[in-house]
Amino acid sequence: MLHPALETDPGHAIWKRDFTGASGLFSIVLKPAPQKSVDALLDTLKLFGMGYSWGGFESLAIPFDCATYRTASTWAPAGRP
């Protein structure tokens, strides 16, 4: 799980220096899997809706591969540079 408020997160020291609290937004990185398997996982979600958040309180999930969107640094799936 990627969440800077967790002591195990690579960005924890910066977060602790700059913030006094945390939000409920977090990310997880799953092992690579065929698209069919990802679709099957998402189809079974019961407590999470599918989609982007527009500022609401709902629990949402969205599959996203940020590797092609990174420009300042290379995406490191383990959360480490």
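Predicted model: local features only at pLDDT ≥ 70, side-chain atom pairs only at ≥ 80, totals over all residues.

Trainee: In which helix is L41 found?

Mentor: L41 is one of the residues of a nonpolar surface patch. As for its place in the chain, L41 belongs to the helix made of residues 35-43, which is α2.

Trainee: About how much accessible area does the nonpolar patch with L41 have together?

Mentor: The patch lies on the surface and includes F26, I28, L30 and L45 besides L41. It also takes in L47, F48 and M50. Together, these residues have an accessible area of about 800 Å².

Trainee: Which element gives the most to the lining of the largest pocket?

Mentor: The largest pocket holds about 1400 Å³ of space, and 34 residues line it. Nearest its centre lie S27, I28, I62, P63 and F64. At least two lining residues come from each of α2 and β2. With five residues, the element that gives the most is α2.

Trainee: Is C66 buried or exposed?

Mentor: C66 is located in the segment after β2. Its relative accessibility is 17%, and a residue under 20% is classed as buried. C66 therefore counts as buried.

Trainee: How far apart in space are C66 and P77, C-alpha to C-alpha?

Mentor: Along the sequence, C66 and P77 are 11 residues apart. In space, their C-alpha to C-alpha distance is 9.6 Å.

Trainee: Is E7 buried or exposed?

Mentor: E7 lies in the segment before α1. Its relative accessibility is 70%, and the class for values over 50% is exposed. E7 therefore counts as exposed.

Trainee: Which residue forms a salt bridge with R17?

Mentor: The structure holds one salt bridge, and its closest N and O atoms are 2.7 Å apart. R17 counts as exposed, because its relative accessibility is 62%. The partner counts as partly exposed at 44%, and that residue is D18.

Trainee: In which helix is confidence highest?

Mentor: The protein averages a pLDDT of 85, and 94% of the residues score at least 70. Confidence is lowest in strand β2, residues 60-61, at a mean of 88. The highest value, 94, belongs to the helix of residues 12-18, which is α1.

Technical notes
Residues numbered from 1 in each chain as written. Heavy atoms only, no water. Patch = residues over 30% accessible without salt bridge, like charges linked within 9 Å, V, L, I, M, F, W, Y side chains within 5 Å. Areas by Shrake-Rupley, 256 points an atom, 1.4 Å probe, with all protein chains shown as cover. Salt bridge = Lys/Arg side-chain N within 4 Å of Asp/Glu carboxyl O. Helix = DSSP H or I, 4+ residues; strand = E, 2+ residues; numbered from the N terminus. pLDDT = per-residue confidence, 0-100. Buried < 20%, exposed > 50% of the residue type's maximum accessible area, 1.4 Å probe, protein only. 1 Å grid on protein atoms, 1.4 Å probe; cavity = no way out; pocket = protein on both sides within 12 Å on 5 of 7 lines; lining within 4 Å. Points joined across faces, edges and corners; volume = space filled by probe spheres on them.
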